Amino acid sequence: MRRRPLLVLVAAVVTMFVAGVAGLIVSGRSVPPPDPVTTATPESVPDELVEPENPNRNTPWDAGTAYLKEWEKGDLAAMRALVHDPPEDFTTLHQAADTALRPVSRIFTPLSVDEIDDVTADLSFTGEWTMTDGPPMKLTSTVRLIVVKREWKVDWTPGALHPDLEHGDTIERRELPGAPYRLATREGEALPPGSYADSYVGDLAAHAPPNPSTGGWRVVIDKPFDGEVEEVYRHDQPVTEGPAFATTIDKYVQMAAARALDPVQKPAAIVAIRPSTGEVLAVADRLGGKGAFSSAFPPGSTFKIVTAAALLAAGVTPDQQVSCPATYQIPFGRVINNFQAHDFGTLSFRQAFAESCNTTFAQLAVERVPAATLTAQAAAFGFGTTLSTGAGGSCGSLTEPHNHDALAEASFGQGTVVATPLCMASVAAAVQSGVWRAPRLLADAPGQPAEAPLAPGVAEGLRTMMSSVVSEGTAENTGLPAGVSGKTGTAEEAGQDDHAWFVGFHDDLAFAVFVKNGGTGRDVAIPVAARFLNAL
């Protein structure tokens, strides 16, 4: 009776074994029994299900600080290896930042990690760039970190370099300007001269050679999509005064020109040139900016000097008899009128020039001077060129007339003709010397000034004709000193008052006086010229 429990237990075990074997046979396959505890390997779990706290993976702090250490060393290749899918501007923006800042070293200090979710975090840090030529630059920024294939990586954006930097922006270094050279007279006095301020030299100093010394530098982020430029670093240096840069300006000629303009209420300018050298002796400029050198206006009858040169070269002589009616009808064209309908009948070409006969010049131009010839003659006097003064400037222009109407208008300085005061002073200087010389303001300007001799007999004829303007023409009895030769001009401009001109020469000094919207050359420009010349 005592053995029954043991027999029962054995029977139960045998029954379980048989049932298990039967189950396997019924299923038709043999499978080993499972382990008591099954642990999934990392490879068997999708990336998105990997828990961030997995001890087999790095942490956001590890990934971020490793990146900062490589950045301190400037190892872009190692940095890229720590970045997930680096964008195209990753390398270029880092290189541009180093080019702009020129740092000696970089130090980055990680601050804290902000875990946004299981697969995203931000590492905040401070950065300090030590410069070769400026105080350190410091900023605080963040590096975004994400989980990629069970590993924390840097998800780089330009904001890691600077919080305000975005894709498409550029970062660059820009020098701050130093003090410009001080322009000085030929006597060595600074312009504008301290002892005689209000010299009206205008903005010529802005066109002096740049001072090699700078006022420091700054680093900017250029945002082309926003049209903005943001300054992110600035280093100001003491601005040293630039050295004096000698000009051809004569102190006393400049003083005389400035004082001659004092009573003039309208914008005006005087430019004086030495014909024998092309040196600018004075530029009193109240046109604004650098107007005497760069602002072009219709020259009116002063341009008859250019047209007369073309006519003299074509065979017309100063004593040749010509017609000066009150009006001239261009064949199949418009009617040209003389100023105030003056009718001088028949007179010499010299007298027609002295009385400034528009009808004479219109008729002679239409009959004797092809449009291309007049354009070429203007070019010989510098029209259409940028003048190599050493301080900028231009002469003016003449668009080649396309018909007889346009040719007639151009012959007396209207239509498509414009000129600067500097240009017309150089025209007068060419008549006095017989050679057109590009005007020159800076004594040490590189290169030799351009020169173009006038055609044989032209200068002599023009000198005779310009002398007649003062002795018996539109400038007669106006208070000009003895020996002055010149040409008046009254230029029309649509919707404005007339411009007043007077250009000429006296010994080795040529000049142009211009008063914008001032009136007639005789009534407005000549009195200014008389004050200027009588003060020398």
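This is a predicted model: local features need pLDDT of at least 70, side-chain atom pairs count only at pLDDT 80 or more; totals for chains, interfaces and linings use all residues.

Colleague: Okay, which residues in H12 are buried?
Modeller: In H12 the buried ones are Pro421, Leu422, Cys423, Met424, Ala425, Ser426, Val427, Ala428, Ala429, Ala430 and Val431.

Colleague: And why is H12 largely enclosed by the rest of the structure?
Modeller: Because 11 of its 13 residues are buried.

Colleague: How far does helix H12 reach from its first C-alpha to its last?
Modeller: Helix H12 covers residues 421–433 and reaches 19 Å, close to the 18 Å expected at 1.5 Å a residue.

Colleague: What comes just after H12?
Modeller: Gly434 does, and Gly434 takes a positive phi of about 85 degrees.

Colleague: How many of the lining residues of the largest pocket are nonpolar, polar or charged?
Modeller: The lining of the largest pocket has 16 polar residues, eight charged and five nonpolar.

Colleague: Now the second largest pocket. What's its volume?
Modeller: The second largest pocket has a volume of about 160 Å³. It has 17 lining residues, with Trp71, Ala97, Leu101, Trp129 and Leu161 nearest the centre.

Colleague: How does the lining of the second largest pocket split by class?
Modeller: There are 12 nonpolar residues, three polar and two charged.

Colleague: Where does the largest share of that lining come from?
Modeller: From H4, which supplies four residues. Helix H4 (89–101) and strand S3 (137–148) each give at least two residues to this lining.

Colleague: Last topic, Gly74. Where does Gly74 lie?
Modeller: Gly74 is in the loop between helix H2 (60–73) and helix H3 (76–81).

Colleague: Why does Gly74 count as partly exposed?
Modeller: Because its relative accessibility is 35%, and partly exposed covers the range between under 20% for buried and over 50% for exposed.

Colleague: What separates the C-alpha atoms of Gly74 and Gln95?
Modeller: A distance of 9.5 Å, with the two residues 21 apart along the chain.

Terms used
Residues are numbered from 1 along each chain as its sequence is written. Side-chain values use heavy atoms; hydrogens and water are left out. Buried means under 20% relative accessible area, exposed over 50%, partly exposed in between (1.4 Å probe, protein chains only). Ala, Val, Leu, Ile, Met, Phe, Trp, Tyr, Cys and Pro count as nonpolar, Asp, Glu, Lys and Arg as charged, and the others, Gly among them, as polar. On a 1 Å grid over the protein atoms alone, a cavity is a set of points where a 1.4 Å probe fits but cannot get out, and a pocket is an open set with protein on both sides within 12 Å along at least five of seven lines; lining residues have an atom within 4 Å of a point. Grid points are joined across faces, edges and corners, and a volume is the space filled by probe spheres set on the points. The expected span of a helix is 1.5 Å times one less than its number of residues.
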